[in-house]
Amino acid sequence: MVSVYITGVGMTKIDKHWDMTVSELASEALRIALNDAEIENVDAVFVGNMLSGIVNSQENLASLVVSYAGLYGTPAFKVEAACASGAAAIASAFISVKSGMFKNVAVVGVEKMSDETSVEGITKALATATDSEYEFYHGVSFTALNALIMQRYSYEFNVKPEDYGLWSIQMHKNATMNPYAQLRFEITMEKYLSSQWISKPIRFMDCSPVGDGAAALILSSKKPENRPIEIAGIGMATDKFQSFLREDLLTLAAAKMAAKRAYDMANIRPEDIDMVEVHDAFTIMGVLSLEALGLAEKGKGIELLKNGDIKPDGTIPTNLSGGLKARGHPVGATGVYQVAELALQLRGTPVGVKLDNPNIGVALNLGGLASNCYVTVLKGG
Amino acid sequence: MSAPKYWRIIPHYYRLEGTICKNCGYKTPLIRKRCPNCGSDDVERFRLPREGEVYSYTVIYSPPEGFERHNPYIIGLIKLKDGTKILGQIVDVDPEEVRIGLRVRMTFRRIAVDGKSGIIQYGYKFKPVK
(Lines give C-alpha, C1' and ligand atoms only; values in the text may rest on other atoms or scores of the structure.)
Protein backbone atom coordinates (compact mmCIF):
# COMPACT_ATOMS: atom_id res chain seq x y z
CA MET A 1 0.00 0.00 0.00
CA VAL A 2 1.27 3.48 -0.91
CA SER A 3 2.15 5.78 2.00
CA VAL A 4 1.71 9.54 1.68
CA TYR A 5 4.28 12.01 3.02
CA ILE A 6 4.34 15.77 3.39
CA THR A 7 7.50 16.90 1.64
CA GLY A 8 6.88 20.61 1.33
CA VAL A 9 5.12 23.34 3.27
CA GLY A 10 4.34 26.95 2.38
CA MET A 11 2.17 29.67 3.87
CA THR A 12 1.56 33.39 3.73
CA LYS A 13 0.94 35.58 6.72
CA ILE A 14 -2.78 35.95 7.36
CA ASP A 15 -3.67 39.59 6.90
CA LYS A 16 -5.70 41.95 4.74
CA HIS A 17 -3.74 41.55 1.51
CA TRP A 18 -5.31 44.49 -0.32
CA ASP A 19 -2.86 44.37 -3.22
CA MET A 20 -3.26 40.68 -4.11
CA THR A 21 -5.91 38.63 -5.90
CA VAL A 22 -7.16 35.33 -4.54
CA SER A 23 -5.22 33.40 -7.18
CA GLU A 24 -2.05 35.37 -6.61
CA LEU A 25 -2.19 34.67 -2.89
CA ALA A 26 -2.67 30.94 -3.56
CA SER A 27 0.15 30.80 -6.09
CA GLU A 28 2.46 32.49 -3.59
CA ALA A 29 1.95 29.74 -0.99
CA LEU A 30 2.20 27.10 -3.71
CA ARG A 31 5.59 28.40 -4.92
CA ILE A 32 6.93 28.47 -1.36
CA ALA A 33 5.85 24.84 -0.86
CA LEU A 34 7.42 23.75 -4.17
CA ASN A 35 10.71 25.41 -3.17
CA ASP A 36 10.52 23.78 0.24
CA ALA A 37 10.04 20.35 -1.37
CA GLU A 38 12.78 21.16 -3.89
CA ILE A 39 10.69 20.18 -6.89
CA GLU A 40 9.75 22.07 -10.08
CA ASN A 41 6.22 20.88 -10.62
CA VAL A 42 3.59 18.39 -9.45
CA ASP A 43 1.22 15.91 -11.10
CA ALA A 44 -1.86 17.85 -9.94
CA VAL A 45 -2.94 20.79 -7.80
CA PHE A 46 -5.91 20.64 -5.40
CA VAL A 47 -7.24 24.06 -4.40
CA GLY A 48 -9.38 24.31 -1.27
CA ASN A 49 -11.58 27.38 -1.27
CA MET A 50 -15.08 28.33 -0.18
CA LEU A 51 -15.94 31.85 -1.31
CA SER A 52 -14.10 32.78 -4.51
CA GLY A 53 -17.34 32.74 -6.52
CA ILE A 54 -19.24 34.95 -4.10
CA VAL A 55 -16.58 37.26 -2.68
CA ASN A 56 -14.06 37.46 -5.54
CA SER A 57 -16.47 36.84 -8.48
CA GLN A 58 -14.03 34.17 -9.58
CA GLU A 59 -14.81 30.54 -10.25
CA ASN A 60 -12.73 28.17 -12.35
CA LEU A 61 -10.25 29.07 -9.64
CA ALA A 62 -7.92 26.07 -9.76
CA SER A 63 -6.73 26.63 -13.32
CA LEU A 64 -6.22 30.33 -12.62
CA VAL A 65 -4.07 29.49 -9.59
CA VAL A 66 -1.94 27.19 -11.75
CA SER A 67 -1.60 29.98 -14.31
CA TYR A 68 -0.44 32.49 -11.66
CA ALA A 69 2.05 29.92 -10.37
CA GLY A 70 3.41 29.37 -13.86
CA LEU A 71 2.81 25.63 -13.88
CA TYR A 72 1.59 25.35 -17.48
CA GLY A 73 -0.46 22.24 -18.23
CA THR A 74 -0.76 20.93 -14.66
CA PRO A 75 -4.16 19.36 -13.82
CA ALA A 76 -6.08 21.33 -11.20
CA PHE A 77 -9.21 20.93 -9.07
CA LYS A 78 -11.12 23.23 -6.76
CA VAL A 79 -12.55 21.47 -3.71
CA GLU A 80 -15.29 23.05 -1.60
CA ALA A 81 -16.66 22.00 1.80
CA ALA A 82 -17.39 25.39 3.40
CA CYS A 83 -14.95 26.05 6.29
CA ALA A 84 -13.47 22.56 5.77
CA SER A 85 -12.55 23.18 2.12
CA GLY A 86 -8.86 23.07 3.03
CA ALA A 87 -9.00 19.65 4.67
CA ALA A 88 -11.30 18.40 1.91
CA ALA A 89 -8.62 19.39 -0.61
CA ILE A 90 -5.99 17.56 1.46
CA ALA A 91 -8.20 14.47 1.58
CA SER A 92 -8.75 14.58 -2.19
CA ALA A 93 -5.03 14.98 -2.84
CA PHE A 94 -4.24 12.21 -0.36
CA ILE A 95 -6.63 9.82 -2.13
CA SER A 96 -5.09 10.66 -5.51
CA VAL A 97 -1.61 9.70 -4.29
CA LYS A 98 -2.86 6.70 -2.32
CA SER A 99 -4.52 5.37 -5.46
CA GLY A 100 -1.21 5.36 -7.27
CA MET A 101 -2.49 7.68 -10.01
CA PHE A 102 -0.21 10.57 -8.94
CA LYS A 103 3.20 10.58 -7.24
CA ASN A 104 3.56 14.22 -6.22
CA VAL A 105 0.65 16.60 -5.78
CA ALA A 106 0.12 20.04 -4.28
CA VAL A 107 -2.67 21.21 -2.00
CA VAL A 108 -3.39 24.92 -1.67
CA GLY A 109 -5.98 26.32 0.68
CA VAL A 110 -6.86 29.93 -0.01
CA GLU A 111 -9.39 32.55 0.99
CA LYS A 112 -9.38 36.22 0.12
CA MET A 113 -12.15 37.66 2.25
CA SER A 114 -11.22 41.34 2.22
CA ASP A 115 -12.54 41.82 -1.34
CA GLU A 116 -15.92 42.04 0.39
CA THR A 117 -15.65 45.27 2.32
CA SER A 118 -18.96 45.36 4.21
CA VAL A 119 -19.61 43.41 7.40
CA GLU A 120 -23.17 42.61 6.24
CA GLY A 121 -21.79 41.37 2.93
CA ILE A 122 -19.24 38.97 4.42
CA THR A 123 -21.82 37.83 6.98
CA LYS A 124 -24.17 36.95 4.11
CA ALA A 125 -21.39 35.21 2.19
CA LEU A 126 -20.47 33.06 5.20
CA ALA A 127 -24.15 32.29 5.77
CA THR A 128 -24.14 30.30 2.52
CA ALA A 129 -22.73 27.52 4.72
CA THR A 130 -26.22 27.31 6.28
CA ASP A 131 -29.29 25.86 4.55
CA SER A 132 -30.41 28.76 2.35
CA GLU A 133 -34.07 27.68 2.34
CA TYR A 134 -34.64 26.61 5.92
CA GLU A 135 -32.04 28.50 7.95
CA PHE A 136 -30.79 31.59 6.12
CA TYR A 137 -34.37 32.34 5.06
CA HIS A 138 -35.11 33.45 8.62
CA GLY A 139 -32.15 35.80 8.77
CA VAL A 140 -29.80 33.40 10.48
CA SER A 141 -26.10 34.22 10.24
CA PHE A 142 -23.47 31.51 10.52
CA THR A 143 -22.49 32.96 13.88
CA ALA A 144 -26.11 32.67 15.03
CA LEU A 145 -26.16 28.89 14.49
CA ASN A 146 -23.05 28.57 16.63
CA ALA A 147 -24.66 30.85 19.21
CA LEU A 148 -27.66 28.49 19.46
CA ILE A 149 -25.25 25.70 20.39
CA MET A 150 -23.32 27.88 22.85
CA GLN A 151 -26.54 29.00 24.58
CA ARG A 152 -27.73 25.43 25.05
CA TYR A 153 -24.29 24.12 26.07
CA SER A 154 -23.94 26.83 28.71
CA TYR A 155 -27.44 26.04 29.98
CA GLU A 156 -26.96 22.28 30.23
CA PHE A 157 -23.45 22.29 31.64
CA ASN A 158 -23.55 25.52 33.62
CA VAL A 159 -20.69 27.19 31.73
CA LYS A 160 -19.90 30.84 32.48
CA PRO A 161 -18.74 33.47 29.97
CA GLU A 162 -15.38 33.63 31.80
CA ASP A 163 -14.84 29.95 31.01
CA TYR A 164 -15.07 30.57 27.26
CA GLY A 165 -12.84 33.61 27.74
CA LEU A 166 -9.99 31.31 28.80
CA TRP A 167 -9.95 29.91 25.27
CA SER A 168 -9.60 33.29 23.57
CA ILE A 169 -6.91 34.46 25.97
CA GLN A 170 -4.80 31.33 25.40
CA MET A 171 -5.17 31.50 21.60
CA HIS A 172 -4.06 35.12 21.49
CA LYS A 173 -1.10 34.26 23.67
CA ASN A 174 -0.04 31.41 21.36
CA ALA A 175 -0.42 33.64 18.30
CA THR A 176 2.09 36.18 19.59
CA MET A 177 4.77 33.54 18.85
CA ASN A 178 3.52 32.83 15.31
CA PRO A 179 4.81 35.26 12.66
CA TYR A 180 2.12 34.06 10.22
CA ALA A 181 -0.77 34.77 12.62
CA GLN A 182 -3.24 37.56 11.99
CA LEU A 183 -3.85 38.71 15.58
CA ARG A 184 -0.48 38.82 17.29
CA PHE A 185 -1.46 40.46 20.54
CA GLU A 186 -2.60 39.29 23.94
CA ILE A 187 -6.02 39.99 25.38
CA THR A 188 -7.28 40.14 28.96
CA MET A 189 -10.42 38.67 30.50
CA GLU A 190 -11.71 42.20 30.90
CA LYS A 191 -11.30 42.86 27.20
CA TYR A 192 -12.99 39.53 26.40
CA LEU A 193 -15.97 40.23 28.64
CA SER A 194 -16.44 43.80 27.44
CA SER A 195 -16.35 42.97 23.73
CA GLN A 196 -19.58 43.61 21.85
CA TRP A 197 -22.32 41.09 21.06
CA ILE A 198 -22.27 39.59 17.59
CA SER A 199 -24.98 37.03 18.18
CA LYS A 200 -25.62 36.72 21.90
CA PRO A 201 -24.13 34.77 23.75
CA ILE A 202 -21.33 35.02 21.16
CA ARG A 203 -19.16 38.07 21.72
CA PHE A 204 -16.76 39.64 19.26
CA MET A 205 -13.90 38.03 21.20
CA ASP A 206 -15.42 34.56 20.77
CA CYS A 207 -15.09 34.90 17.00
CA SER A 208 -12.28 34.19 14.58
CA PRO A 209 -11.35 37.23 12.47
CA VAL A 210 -11.95 37.94 8.78
CA GLY A 211 -8.70 37.73 6.84
CA ASP A 212 -6.83 36.67 3.72
CA GLY A 213 -4.36 33.82 3.56
CA ALA A 214 -3.06 30.82 1.69
CA ALA A 215 -1.24 27.70 2.82
CA ALA A 216 0.15 24.88 0.73
CA LEU A 217 1.51 21.36 1.08
CA ILE A 218 3.32 19.02 -1.26
CA LEU A 219 2.25 15.40 -0.84
CA SER A 220 4.41 12.63 -2.17
CA SER A 221 4.49 8.85 -2.26
CA LYS A 222 8.28 9.00 -1.96
CA LYS A 223 9.54 8.79 1.61
CA PRO A 224 11.99 11.58 2.42
CA GLU A 225 15.29 10.51 3.96
CA ASN A 226 15.29 13.13 6.69
CA ARG A 227 12.47 13.48 9.21
CA PRO A 228 9.64 12.01 7.11
CA ILE A 229 6.18 13.24 8.03
CA GLU A 230 3.48 10.78 7.11
CA ILE A 231 -0.24 11.39 6.74
CA ALA A 232 -1.00 8.28 8.73
CA GLY A 233 -4.76 8.63 8.74
CA ILE A 234 -7.58 10.70 7.34
CA GLY A 235 -11.20 10.38 8.46
CA MET A 236 -14.21 12.13 7.00
CA ALA A 237 -17.90 12.21 7.80
CA THR A 238 -21.07 14.23 7.30
CA ASP A 239 -23.84 15.01 9.76
CA LYS A 240 -27.52 15.88 9.43
CA PHE A 241 -27.20 19.19 7.68
CA GLN A 242 -29.59 21.50 9.50
CA SER A 243 -29.13 22.59 13.10
CA PHE A 244 -32.72 21.66 13.93
CA LEU A 245 -32.44 18.06 12.70
CA ARG A 246 -29.73 17.10 15.18
CA GLU A 247 -31.04 14.88 17.95
CA ASP A 248 -28.08 15.97 20.03
CA LEU A 249 -27.18 19.56 19.24
CA LEU A 250 -24.20 19.48 21.61
CA THR A 251 -22.23 16.63 20.04
CA LEU A 252 -20.34 17.14 16.80
CA ALA A 253 -21.36 13.72 15.51
CA ALA A 254 -19.58 13.97 12.16
CA ALA A 255 -16.36 15.12 13.83
CA LYS A 256 -16.62 12.18 16.21
CA MET A 257 -17.13 9.72 13.34
CA ALA A 258 -14.29 11.30 11.35
CA ALA A 259 -11.97 11.05 14.36
CA LYS A 260 -12.75 7.36 14.86
CA ARG A 261 -12.07 6.65 11.18
CA ALA A 262 -8.80 8.61 11.20
CA TYR A 263 -7.58 7.03 14.46
CA ASP A 264 -8.41 3.53 13.15
CA MET A 265 -6.54 4.18 9.92
CA ALA A 266 -3.50 5.56 11.76
CA ASN A 267 -3.85 2.90 14.46
CA ILE A 268 -3.73 5.38 17.34
CA ARG A 269 -5.85 6.23 20.39
CA PRO A 270 -6.63 9.70 21.74
CA GLU A 271 -4.03 9.17 24.51
CA ASP A 272 -1.28 8.88 21.89
CA ILE A 273 -1.80 12.41 20.55
CA ASP A 274 0.94 14.94 21.34
CA MET A 275 -0.79 18.06 19.95
CA VAL A 276 -3.94 19.12 18.15
CA GLU A 277 -5.07 21.92 15.88
CA VAL A 278 -8.83 22.26 16.25
CA HIS A 279 -11.50 24.36 14.59
CA ASP A 280 -12.27 27.21 17.00
CA ALA A 281 -14.12 29.44 14.55
CA PHE A 282 -15.99 30.31 17.76
CA THR A 283 -14.82 29.44 21.27
CA ILE A 284 -17.71 26.98 21.74
CA MET A 285 -16.53 25.06 18.67
CA GLY A 286 -13.05 24.77 20.17
CA VAL A 287 -14.54 23.16 23.27
CA LEU A 288 -16.82 20.82 21.31
CA SER A 289 -13.92 19.87 19.03
CA LEU A 290 -11.88 18.62 22.00
CA GLU A 291 -14.84 16.49 23.07
CA ALA A 292 -15.34 15.15 19.53
CA LEU A 293 -11.69 14.11 19.33
CA GLY A 294 -12.16 12.01 22.46
CA LEU A 295 -9.92 14.24 24.60
CA ALA A 296 -12.74 15.08 27.02
CA GLU A 297 -16.12 13.61 27.92
CA LYS A 298 -19.25 15.35 26.74
CA GLY A 299 -19.77 18.51 28.78
CA LYS A 300 -16.24 18.33 30.23
CA GLY A 301 -14.32 20.07 27.45
CA ILE A 302 -14.35 23.27 29.43
CA GLU A 303 -12.40 21.53 32.23
CA LEU A 304 -9.41 21.22 29.90
CA LEU A 305 -9.40 25.02 29.69
CA LYS A 306 -9.82 25.56 33.41
CA ASN A 307 -7.05 23.07 34.25
CA GLY A 308 -4.66 24.59 31.75
CA ASP A 309 -4.46 21.30 29.83
CA ILE A 310 -4.67 23.05 26.46
CA LYS A 311 -1.61 25.24 27.15
CA PRO A 312 1.67 24.50 25.34
CA ASP A 313 2.99 22.80 28.49
CA GLY A 314 -0.34 21.12 29.31
CA THR A 315 -1.43 17.54 28.77
CA ILE A 316 -2.86 18.24 25.32
CA PRO A 317 -1.24 21.28 23.69
CA THR A 318 -3.95 22.83 21.54
CA ASN A 319 -3.67 25.28 18.66
CA LEU A 320 -0.05 26.24 19.21
CA SER A 321 -0.48 28.39 16.11
CA GLY A 322 -3.08 30.55 17.86
CA GLY A 323 -5.96 28.64 16.32
CA LEU A 324 -8.72 30.10 14.19
CA LYS A 325 -9.30 32.66 16.92
CA ALA A 326 -5.92 34.36 16.62
CA ARG A 327 -3.85 32.72 13.88
CA GLY A 328 -6.88 33.57 11.79
CA HIS A 329 -9.50 31.80 9.72
CA PRO A 330 -9.23 32.51 5.99
CA VAL A 331 -12.02 30.01 5.58
CA GLY A 332 -10.95 27.66 2.78
CA ALA A 333 -7.29 27.92 3.77
CA THR A 334 -7.69 27.02 7.44
CA GLY A 335 -7.57 23.23 7.09
CA VAL A 336 -4.29 23.49 5.20
CA TYR A 337 -2.76 25.92 7.73
CA GLN A 338 -3.60 23.44 10.50
CA VAL A 339 -1.83 20.52 8.82
CA ALA A 340 1.07 22.71 7.67
CA GLU A 341 1.61 23.90 11.25
CA LEU A 342 1.55 20.35 12.62
CA ALA A 343 3.98 19.23 9.90
CA LEU A 344 6.46 21.99 10.76
CA GLN A 345 6.15 21.15 14.44
CA LEU A 346 6.98 17.47 13.66
CA ARG A 347 9.88 18.60 11.50
CA GLY A 348 11.25 20.53 14.48
CA THR A 349 10.89 23.94 12.82
CA PRO A 350 7.53 25.21 14.10
CA VAL A 351 6.14 28.65 13.27
CA GLY A 352 5.00 29.17 16.87
CA VAL A 353 5.60 27.65 20.27
CA LYS A 354 8.03 24.72 20.00
CA LEU A 355 7.18 21.36 21.56
CA ASP A 356 9.80 18.91 22.74
CA ASN A 357 9.95 16.11 20.14
CA PRO A 358 6.28 15.58 19.35
CA ASN A 359 5.46 12.48 17.33
CA ILE A 360 1.73 12.56 16.61
CA GLY A 361 -0.38 15.57 15.65
CA VAL A 362 -4.08 15.68 14.83
CA ALA A 363 -6.02 18.35 12.94
CA LEU A 364 -9.80 18.77 12.99
CA ASN A 365 -11.43 20.96 10.35
CA LEU A 366 -15.19 21.58 10.55
CA GLY A 367 -17.28 22.49 7.52
CA GLY A 368 -20.50 24.42 8.04
CA LEU A 369 -22.11 23.70 11.38
CA ALA A 370 -19.82 20.65 11.59
CA SER A 371 -21.93 19.04 8.88
CA ASN A 372 -18.80 18.05 6.93
CA CYS A 373 -15.79 17.14 9.06
CA TYR A 374 -12.21 16.04 8.42
CA VAL A 375 -9.66 14.65 10.83
CA THR A 376 -6.04 14.29 9.71
CA VAL A 377 -3.41 12.37 11.69
CA LEU A 378 0.28 13.13 11.10
CA LYS A 379 3.15 10.99 12.33
CA GLY A 380 6.72 12.18 12.54
CA GLY A 381 9.68 9.92 11.82
CA MET B 1 -34.46 35.10 -3.34
CA SER B 2 -35.53 34.00 -6.81
CA ALA B 3 -39.19 33.25 -7.53
CA PRO B 4 -38.75 29.52 -8.32
CA LYS B 5 -36.69 28.96 -5.19
CA TYR B 6 -39.34 30.71 -3.09
CA TRP B 7 -42.35 29.01 -4.65
CA ARG B 8 -40.98 25.53 -4.06
CA ILE B 9 -41.04 26.01 -0.30
CA ILE B 10 -44.34 27.89 0.08
CA PRO B 11 -46.16 24.90 1.63
CA HIS B 12 -43.58 25.03 4.41
CA TYR B 13 -43.27 28.81 4.78
CA TYR B 14 -47.04 29.47 4.72
CA ARG B 15 -48.55 26.36 6.24
CA LEU B 16 -45.68 24.90 8.25
CA GLU B 17 -45.79 21.62 6.35
CA GLY B 18 -43.11 19.00 6.75
CA THR B 19 -42.38 15.46 5.64
CA ILE B 20 -43.02 12.23 7.51
CA CYS B 21 -41.44 8.96 6.43
CA LYS B 22 -43.78 5.95 6.24
CA ASN B 23 -40.82 3.60 6.28
CA CYS B 24 -38.88 4.75 9.38
CA GLY B 25 -41.30 7.24 10.94
CA TYR B 26 -38.78 10.11 10.80
CA LYS B 27 -40.42 13.53 10.89
CA THR B 28 -38.78 16.66 9.54
CA PRO B 29 -39.97 20.20 8.93
CA LEU B 30 -38.43 20.01 5.43
CA ILE B 31 -40.29 19.58 2.14
CA ARG B 32 -38.64 16.45 0.78
CA LYS B 33 -39.47 13.72 -1.72
CA ARG B 34 -37.10 11.35 0.06
CA CYS B 35 -36.49 10.76 3.75
CA PRO B 36 -33.21 12.39 4.86
CA ASN B 37 -32.89 9.74 7.55
CA CYS B 38 -33.37 6.40 5.73
CA GLY B 39 -33.50 7.39 2.06
CA SER B 40 -36.98 5.93 1.47
CA ASP B 41 -39.25 7.71 -1.05
CA ASP B 42 -42.36 6.48 0.75
CA VAL B 43 -43.01 9.83 2.40
CA GLU B 44 -45.96 12.15 2.86
CA ARG B 45 -46.60 15.74 3.87
CA PHE B 46 -47.93 16.63 7.28
CA ARG B 47 -48.69 19.79 9.20
CA LEU B 48 -46.44 20.57 12.09
CA PRO B 49 -47.91 21.63 15.44
CA ARG B 50 -48.22 25.41 15.86
CA GLU B 51 -47.01 25.50 19.45
CA GLY B 52 -43.83 24.63 21.23
CA GLU B 53 -41.10 25.94 23.49
CA VAL B 54 -37.74 27.61 23.10
CA TYR B 55 -34.97 24.97 23.04
CA SER B 56 -32.23 27.53 22.41
CA TYR B 57 -32.02 31.09 21.14
CA THR B 58 -29.70 33.88 20.10
CA VAL B 59 -29.98 37.62 19.66
CA ILE B 60 -28.40 38.76 16.42
CA TYR B 61 -26.59 42.12 16.59
CA SER B 62 -24.58 41.68 13.39
CA PRO B 63 -27.09 40.73 10.70
CA PRO B 64 -26.37 39.48 7.21
CA GLU B 65 -27.13 41.72 4.23
CA GLY B 66 -30.89 41.94 3.74
CA PHE B 67 -31.79 41.82 7.44
CA GLU B 68 -30.23 45.09 8.63
CA ARG B 69 -33.57 46.76 9.38
CA HIS B 70 -34.51 44.03 11.89
CA ASN B 71 -31.35 44.56 13.98
CA PRO B 72 -31.29 43.37 16.73
CA TYR B 73 -33.56 40.34 16.34
CA ILE B 74 -34.04 36.98 18.01
CA ILE B 75 -33.61 33.58 16.39
CA GLY B 76 -35.07 30.61 18.22
CA LEU B 77 -34.56 26.91 17.92
CA ILE B 78 -38.09 25.82 18.76
CA LYS B 79 -39.10 22.38 20.00
CA LEU B 80 -42.66 21.88 18.76
CA LYS B 81 -45.24 19.90 20.69
CA ASP B 82 -44.57 16.71 18.72
CA GLY B 83 -40.83 16.96 19.46
CA THR B 84 -39.84 18.23 16.00
CA LYS B 85 -37.37 21.11 16.12
CA ILE B 86 -37.55 24.11 13.82
CA LEU B 87 -35.78 27.43 13.37
CA GLY B 88 -37.46 30.83 13.22
CA GLN B 89 -37.51 34.37 14.52
CA ILE B 90 -39.07 35.08 17.89
CA VAL B 91 -41.03 38.35 17.88
CA ASP B 92 -43.27 40.49 20.09
CA VAL B 93 -40.93 40.04 23.04
CA ASP B 94 -38.00 41.90 24.54
CA PRO B 95 -34.69 40.03 23.96
CA GLU B 96 -34.05 40.13 27.71
CA GLU B 97 -37.28 38.21 28.38
CA VAL B 98 -36.53 35.23 26.15
CA ARG B 99 -35.35 32.12 27.94
CA ILE B 100 -35.01 28.40 27.32
CA GLY B 101 -38.40 26.81 27.98
CA LEU B 102 -40.46 29.87 27.00
CA ARG B 103 -43.74 28.72 25.39
CA VAL B 104 -44.28 30.11 21.90
CA ARG B 105 -46.87 29.94 19.10
CA MET B 106 -46.53 30.34 15.35
CA THR B 107 -47.53 33.63 13.79
CA PHE B 108 -47.58 34.57 10.09
CA ARG B 109 -45.33 37.51 9.21
CA ARG B 110 -43.28 39.20 6.54
CA ILE B 111 -39.74 37.79 6.63
CA ALA B 112 -37.80 39.92 4.16
CA VAL B 113 -38.17 42.15 1.12
CA ASP B 114 -35.92 41.33 -1.79
CA GLY B 115 -34.95 44.53 -3.52
CA LYS B 116 -33.51 42.95 -6.61
CA SER B 117 -36.24 40.54 -7.71
CA GLY B 118 -39.01 42.40 -5.91
CA ILE B 119 -40.32 39.38 -4.03
CA ILE B 120 -41.77 39.97 -0.59
CA GLN B 121 -41.03 36.87 1.44
CA TYR B 122 -43.54 35.72 4.04
CA GLY B 123 -43.54 32.90 6.52
CA TYR B 124 -43.84 31.85 10.12
CA LYS B 125 -42.27 33.45 13.14
CA PHE B 126 -42.91 32.64 16.78
CA LYS B 127 -44.32 34.77 19.59
CA PRO B 128 -44.75 34.05 23.28
CA VAL B 129 -47.99 32.38 24.42
CA LYS B 130 -49.55 34.86 26.83
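In this predicted model, helix 1 of chain A and helix 3 of chain A form a right-handed crossing.

**Helix 1 and helix 3 of chain A**

- The axes of helix 1 (residues 22-37) of chain A and helix 3 (residues 61-69) of chain A approach within 8 Å, and their crossing angle is roughly 60 degrees.
- Because of that angle, helix 1 of chain A is oblique to helix 3 of chain A.
- Helix 1 of chain A contributes A:Val22, A:Ser23, A:Glu24, A:Ala26, A:Ser27, A:Leu30 and A:Arg31 to the contact, while helix 3 of chain A contributes A:Leu61, A:Leu64, A:Val65, A:Tyr68 and A:Ala69.
- By class, eight residues in the contact of helix 1 of chain A with helix 3 of chain A are nonpolar, two are polar and two are charged.

**Other helix pairs in chain A**

- Helix 4 (residues 85-98) of chain A and helix 13 (residues 334-347) of chain A have axes that come within 5 Å and cross at roughly 65 degrees.
- Helix 4 of chain A is therefore roughly perpendicular to helix 13 of chain A.
- In this contact, A:Gly86, A:Ala87 and A:Ile90 of helix 4 of chain A meet A:Gly335, A:Val336 and A:Val339 of helix 13 of chain A.
- The contact of helix 4 of chain A with helix 13 of chain A comprises four nonpolar and two polar residues, with no charged residues.
- For helix 7 (residues 161-175) of chain A and helix 10 (residues 283-292) of chain A, the axes come within 9 Å and cross at roughly 90 degrees.
- A:Tyr164, A:Trp167 and A:Ser168 of helix 7 of chain A are in contact with A:Thr283, A:Ile284, A:Gly286, A:Val287 and A:Leu290 of helix 10 of chain A.

**Interface of chain B and chain A**

- About 3400 Å² is buried between chain B and chain A, and carbon and sulfur atoms give 60% of this area.
- The contact involves 41 residues from chain B and 36 residues from chain A.
- Two salt bridges are found across the interface of chain B and chain A.
- A salt bridge joins the side chains of A:Glu133 and B:Arg8, with an N to O distance of 3.4 Å.

**Backbone features**

- Most residues other than glycine have a negative phi, and most peptide bonds are trans.
- A:Asn60 has a positive phi, near 55 degrees, and is located in the loop between helix 2 (52-55) and helix 3 of chain A.
- The peptide bond between A:Lys200 and A:Pro201 is cis, with omega about 10 degrees; A:Pro201 is in the loop between strand 5 (197-200) and strand 6 (202-203) of chain A.
- A cis peptide bond also links B:Asn71 to B:Pro72, where omega is near -5 degrees; B:Pro72 is in the loop between strand 4 (51-60) and strand 5 (73-80) of chain B.

**Surroundings of B:Glu51**

- B:Glu51 belongs to strand 4 of chain B.
- Apart from neighbours within four places in sequence, B:Glu51 is in contact with B:Leu80, B:Lys81, B:Arg103, B:Val104, B:Arg105 and B:Val129.
- B:Glu51 and B:Tyr73 are separated by 22 residues in sequence and by 20 Å in space, C-alpha to C-alpha.

Definitions and conventions. Residues numbered from 1 in each chain as written. Chains lettered and ligands numbered in written order. Predicted model: local features only at pLDDT ≥ 70, side-chain atom pairs only at ≥ 80, totals over all residues. Heavy atoms only, no water. Axes fitted to C-alpha atoms, helices over the stretch in contact; angles between N-to-C directions. Helix = DSSP H or I, 4+ residues; strand = E, 2+ residues; numbered from the N terminus. Parallel < 35°, antiparallel > 145°, perpendicular 65-115°, else oblique. Left-handed = near helix turned anticlockwise from the far one by under 90°. Contact = heavy atoms within 4.5 Å. Nonpolar A, V, L, I, M, F, W, Y, C, P; charged D, E, K, R; others polar. Buried area = accessible area lost by both parts, 1.4 Å probe. Salt bridge = Lys/Arg side-chain N within 4 Å of Asp/Glu carboxyl O.
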